[in-house]
Amino acid sequence: MSINWFPGHMHKARKEIAEVMPQVDVIIEMIDARIPFSSENPMVPELRGDKPVIKVLNKADLADPAITALWVAHMEKETGIRALPLTQQKPEEIKSLLALCHEMVPDRDKELRGVRAMIMGIPNVGKSTLINTLAGRIIAKTGNEAGVTKSQQRIKLDGNIILTDTPGFLWPKLSPASCGYRLAVTGAIKDTVIDYADIALFAAEYLLKAYPQRLMERYQLTELPGSDIELMDAIAERRGCMRKGGVSDLHKVSEILIHELRMGQLGPVTLETPEMVGQEQIEAEQEEARKAADKAERDKIRQAKARKRYGK
């Protein structure tokens with residue numbers, strides 16, 4: 001299944017961000033700590049230029065802390081980038097973002113002119129909840145679904161910081177393809193446009209390799225299943241998701257696995273590592289190069305046939 005979700009309002013959001021960007025001093029990019037690479041918008045570097053960026057790895061309580069530390073170190077190798085794992089359960093840590101914004105713009109006299117920050121992020125990454133915490137009041141609408149914020153708004157925060165909130169948006173092409181699956185697993189893509197069974201099998205395959213003991217404990221398995229579909233069958237049997245004839249209800253058991261994974265009921269889980277996505281990027285680039293070479297060869301053959309037929 002190819003997962004692409006780029007509604008019209010997201011295209012509009014990108015254009016509006018580009019228009020406002022020259023007025024911005026620092027960018028706060030919220031990403032999902034469970035999928036730090038897949039939830040990073042590749043359009044941000046293009047829109048950002050050389051502006052400093054604070055990458056907030058939100059929902060850090062749901063992510064594997066050891067892998068989160070790897071991602072923080074990986075991101076901070078780039079000049080002008082600070083990475084900050086956060087959880088909505090610790091509002092005092094969220095408040096530290098205000099001081100960090102000033103730290104990222106050291107030459108600004110905040111008494112003369114406030115720091116102008118912009119917060120960006122994919123849908124359902126927790127931007128609105130974080131903004132409400134920073135502001136100390138309900139300003140941004142929240143919801144446990146993708147695409148709640150629809151337009152920009154400016155918010156005055158403590159410390160003479162003006163924050164521009166932007167709608168969450170994805171990008172037209174999700175590459176490598178596994179990024180789309182991980183976004184779907186964590187809820188960044190609306191459930192109405194995904195196939196639960198497809199993304200659950202993707203998650204099951206990864207969990208079998210990366211967190212087998214968690215699966216054994218959560219679903220009270222006596223032995224580890226050998227494949228994704230065997231795992232789904234085992235969960236279905238233990239959760240009463242069987243149809244007549246002893247066949248598992250794949251959709252129902254898929255909903256159970258995805259819901260419990262999203263809620264953290266399998267423990268803190270991270271779905272990608274820096275090493276893993278590095279290899280995926282290499283393979284994606286090789287595949288693109290192969291497709292380009294195939295297209296060039298087809299064009300060459302077509303042109304040769306045309307010359308032969310028309311004598312040109």
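**Figure 1. Contacts across the sequence in the predicted model.** Among the contacts in this protein that join residues at least 6 apart in sequence, 70% link residues at least 24 apart. The model shown is a predicted one, and the protein in it has 11 helices and 8 strands. Of the 312 residues in the protein, 49% are buried, while the accessible surface comes to about 16000 Å², with 51% of that surface belonging to carbon and sulfur atoms.

**Figure 2. Helix 3 and the elements that cover its buried residues.** Helix 3 spans residues 65-75, and its buried residues are Ile-67, Thr-68, Trp-71, Val-72 and Met-75. Viewed down the axis of helix 3, these buried residues fall within an arc of 145°, so they line one face of the helix. In general, an α-helix has 3.6 residues a turn, so residues three or four places apart point the same way.

**Figure 3. Helix 5 within the rest of the structure.** Helix 5, made up of residues 127-135, has 8 of its 9 residues buried, so it is largely enclosed by the rest of the structure. The buried residues of helix 5 are Lys-127, Ser-128, Leu-130, Ile-131, Asn-132, Thr-133, Leu-134 and Ala-135. Covering these residues are elements that include strand 1, strand 2, helix 4 (91-104), strand 4 (115-121), strand 5 and strand 6. Helix 5 is followed by Gly-136, a residue whose phi is positive, near 75°.

**Figure 4. The packing of helix 6 with helix 7.** Two packed helices are described by the angle between their axes and the distance between the axes. For helix 6 (residues 177-186) and helix 7 (residues 196-210), the angle is about 100° and the axes are 10 Å apart, which makes helix 6 roughly perpendicular to helix 7. On the side of helix 6, the contact is made by Ser-178, Tyr-181, Arg-182, Ala-184 and Val-185, and on the side of helix 7 by Asp-198, Ile-199, Phe-202 and Ala-203. Sorted by class, the contact of helix 6 with helix 7 has 6 nonpolar residues, 1 polar residue and 2 charged residues.

**Figure 5. The packing of helix 7 with helix 9, and the place of Ala-200.** The axis of helix 7 and that of helix 9 (residues 228-238) come within 8 Å and cross at roughly 100°, and the two helices are therefore roughly perpendicular to each other. Helix 7 takes part in this contact through Ala-200, Leu-201, Ala-204, Glu-205 and Leu-208, while helix 9 takes part through Asp-228, Ile-229, Leu-231 and Met-232. The contact of helix 7 with helix 9 divides into 7 nonpolar residues, no polar residues and 2 charged residues. Ala-200, found in helix 7, has a relative accessibility of 0% and counts as buried. Although Ala-200 and Asp-228 are 28 residues apart in sequence, their C-alpha atoms are 8.7 Å apart in space. When neighbours within four places in sequence are left aside, Ala-200 is in contact with Met-232, Ser-254, Leu-257 and Ile-258.

Figure 6. Lys-51 and Met-21 are 30 residues apart in sequence, whereas the distance between them in space is 9.3 Å from C-alpha to C-alpha. Leaving aside its neighbours within four places in sequence, Lys-51 is in contact with Met-21, Pro-22, Val-24, Asp-25 and Ile-27.

Figure 7. Lys-59 is not a glycine, yet its phi is positive, at about 60°. Lys-59 sits in the loop between strand 2 and helix 3 and is buried, with a relative accessible area of 16%. Asn-160, likewise a residue other than glycine, has a positive phi near 60°. The position of Asn-160 is in the loop between strand 5 (153-157) and strand 6 (161-165), where Asn-160 is partly exposed, with a relative accessible area of 25%.

How values were computed:
Residues numbered from 1 in each chain as written. Predicted model: local features only at pLDDT ≥ 70, side-chain atom pairs only at ≥ 80, totals over all residues. Heavy atoms only, no water. Helix = DSSP H or I, 4+ residues; strand = E, 2+ residues; numbered from the N terminus. Buried < 20%, exposed > 50% of the residue type's maximum accessible area, 1.4 Å probe, protein only. Contact = heavy atoms within 4.5 Å. Areas by Shrake-Rupley, 256 points an atom, 1.4 Å probe, with all protein chains shown as cover. Axes fitted to C-alpha atoms, helices over the stretch in contact; angles between N-to-C directions. Parallel < 35°, antiparallel > 145°, perpendicular 65-115°, else oblique. Nonpolar A, V, L, I, M, F, W, Y, C, P; charged D, E, K, R; others polar. Arc of directions from axis to C-beta.
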